[in-house]
Amino acid sequence: MATKLSFKRADSIAETMPDALKQSRYQMKRCFQRYVSKGRRLLKNQQLIEELEKSMDDKIEREKLVEGFLGYIIYSTQEAVVLPPFVAFAVRMNPGIWEYVKVHADDLSVEGITPSEYLKYKETLYDETWAKDDNSLEVDFGALDLSTPHLTLPSSIGNGLQFVSRFMSSKLSDKPESMKPLLDYLLALNYRGEKLMINDTIDTVNKLQTALLLAEVFVSGLPRYTPFLKFEQRFQEWGLEKGWGDTAERCKETLNFLSEVLQAPDPINMEKFFSRIPCIFNIVVFSIHGYFGQEKVLGLPDTGGQVVYILDQVRALEEELLQRIKLQGLHVTPKILVVTRLIPDAKGTKCNVELEPVQNTKHSSILRVPFKTEDGKDLRPWVSRFDIYPYLERYAQDASAKILDILEGKPDLIIGNYTDGNLVASLMASKLGVTQGTIAHALEKTKYVDSDVKWRELDQKYHFSCQFTADMIAMNTADFIITSTFQEIAGSKEKPGQYEHHYAFTMPGLCRYATGINVFDPKFNIAAPGADQSIYFPFTQKPKRLTGLHPEIEELLYSKQDTDEHIGYLADRSKPIIFSMARLDKVKNITGLVEWYGQNKQLRDLVNLVVVAGLLDASQSKDREEIEEINKMHNLIDKYQLKGQIRWIKAQTDRVRNGELYRCIADSKGAFVQPALYEAFGLTVIEAMNCGLPTFATNQGGPAEIIVDGVSGFHINPMNGREAGSKIADFFQKCKEDPSYWNKVSTAGLQRIYECYTWKIYATKVLNMGSMYGFWKTLNKEERVAKQRYLQMFYNLQFRNLAKTVPRVGERAPQTATSAGPSTITPSTITVRPKERQKATDSDSKDYDQLAWAEVLDL
């Protein structure tokens, strides 16, 4: 294949392509004539390849061309705009690296073009008048980052913290006066007005170095566990305050790290020192949409994995904060606030309670702030995440006032979640001058193919004009961006990542983003979440096992009778179980797994199949896609006569019981299978591996990074079910011949989790980001201020006007019929709500049916 070739980044396609075209001039003229023969159009990668192959009859000639440089370019092209006689290519040779060229179909001349020029070509297909208007709105955020250093290698993408550490080390070592920003940063450290680490008597770098030397010599002579209180007064004589450590040994280490940074900065000591700085005590986490709560919320509209993620995140952050504060020798009580929306019509949940402690924490709470109607009253009903935009600016103001009151001052770190939470975090962080991190969870633009250029067709239903604008503002305002995987940022060799899709794009008639966000920006960091290890722990930890749940799990798995909760049965209980748990939709591909199992006689002879997914009765579902999958499940069970070998259990929301269910599957020496067509991260993969289950997971997305294939688990190709089924069967055959093999894979999976995927590792990384980027943002201050003003102007002139076009609850949507009086809110007088929005009607969605990406991630 052409994709096996390598291509140096220094090479320019515009320079090298002409010679390659000359060498195959006849064949390429035929190919380009096919490209332009059908007039103006947008060709995707697969269409380009098909047209290339159809243009040549000779098989040997075709293979030679496909294997060569031209084939490599075509295979690396994500899309091409055909405007006869020109074809403009968007070529992606490696993750994050794009080049744009246009080729004349008649004379095969090649010209390099800018991203902006390429986007104008693309716009011509949708809105030619706007494309040719020199005054069309074009935004180039990259033009405001000219002095900001960027990573250069695709393999480095997502390692922003390490890059920042290396860059700061080189910058601070240039000249003695280059250390002044670090001194100023340390002088500004305080907790509620009380100085930390150093006081104002240390006003030069030389004085700081002298104080460090005196203090280090002094503590070296003390017993290692001497409490800081015993020598605090001596430190103050040298201009040093509390915060260096709780013992003489800890203080000595921190003093040494800073001394090394001042003398000869290096990235390792830089990271070590910033991890010790007492600069984060109060954290605010925004998660606004949906029903955010701790009980009875999962499964409600817009409510799913994001809630679980944040609650686990907060527990981990509090635990790490408490540990750090103790080791810093401080007596400070940290606070973490999860700020969400208060919903008066709470549907039996606690979403109408203003302040609620987070379970299993001491200092973390959920703060709920209501949306306000235009006359200042609390908005009572739930509002879809797609309709939330008119409320956010007022919400940011109200939430800020509450937060400042509860925390008795500004937070030290603000973290946003999803589009709405990230935008509000940006507004608050910009106003207060606080370090800000963002987490996307899901970027809607990548879920719906061509939703940028076709935004008008979707806007009344999804309001993507608001959402994509808000995403751009939040990404560019944030000091750092937290992602779970490399693929989330920059995808794979073949496919762009979620963030990479926002590099250069256009919404014809609205805005052209010549540079939206660059994945080589050092703000990108990978911090993978873990699973709650109090719930998901290894099956071998017998004293912790929840044996009280075993009778109901026994019934769930093995009873012979069909019920409302499960159908099918397992005739041979001695066989291991392959297990899967996910939503019942096309992307999660549970029906695909059932078909693989049904087709593979060896696999059926070796193991039973248990799936937990969706509803069992199609008449109980209102989701069209789920209805299709339910019917398909029943048909597959009948087609392959799986009764006696399969147990289908409806969706389970009890996390504690699910944890024990994983372990019971492990007791059977079974395995977990995650067969999704695409999985952004793969939390169930982490949960299963935490419980000691050998795991097979899709090679499309995050699980490919979680599992080391053949070592800590196995990758499977969801596009090749027969191969996947055989790979699972081969594993169980090997385990049958060598029982120790199962234990080997189980143990390797646990080791992989403990090394890379725990909430402890996550919390450490995030707090280190907060500390390091808090200093990083003080450098190049003039450029950052200029960009911030640009963003504020863009927010005021663009986003605010777009938000006004989104109907509030009770307002009539544009172009909708009305059939009720103004005093009554009915479905005919309000914007379509998410139940209808999640699955459009056949006529509405004919162009987007192939895009089940709206269901790729739980929100």
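**Exercise 1.** In which sense do strand β13 and β14 pair, and over how many bridges? Work it out on this predicted model.

*Solution.* Start with strand β13, residues 413-417: β13 and β14 pair in the parallel sense, over 5 bridges. Now follow the chain between the two strands. Finally, check for another neighbour: strand β15 (residues 480-483) runs parallel to β14 and is joined to it by 3 bridges. One of the pairs here is Ile439 with Ile482 in β15.

**Exercise 2.** Decide whether strand β14 is enclosed or open, and explain why.

*Solution.* Look at the two ways the residues point. Thr435, Gly437 and Ile439 go one way, while Gln436 and Thr438 go the other, and all are buried. That makes 5 of the 5 residues of β14 buried, so the strand is largely enclosed by the rest of the structure.

**Exercise 3.** Find out how the side chains of Asp302 and Arg385 meet, and sort both residues as buried or exposed.

*Solution.* First the contact: Asp302 and Arg385 meet in a salt bridge, at 2.6 Å from N to O. Then the chain positions: Asp302 sits in the loop between β9 and α14, Arg385 in the loop between β12 and α15, and the two are 83 residues apart. Last, the accessibility. Buried means under 20% relative accessible area. Asp302 has 7%, so Asp302 counts as buried. Arg385 has 8%, so Arg385 is buried too.

Definitions and conventions
Residues numbered from 1 in each chain as written. Predicted model: local features only at pLDDT ≥ 70, side-chain atom pairs only at ≥ 80, totals over all residues. Heavy atoms only, no water. Buried < 20%, exposed > 50% of the residue type's maximum accessible area, 1.4 Å probe, protein only. Helix = DSSP H or I, 4+ residues; strand = E, 2+ residues; numbered from the N terminus. Pairing = 2+ DSSP bridges. Salt bridge = Lys/Arg side-chain N within 4 Å of Asp/Glu carboxyl O.
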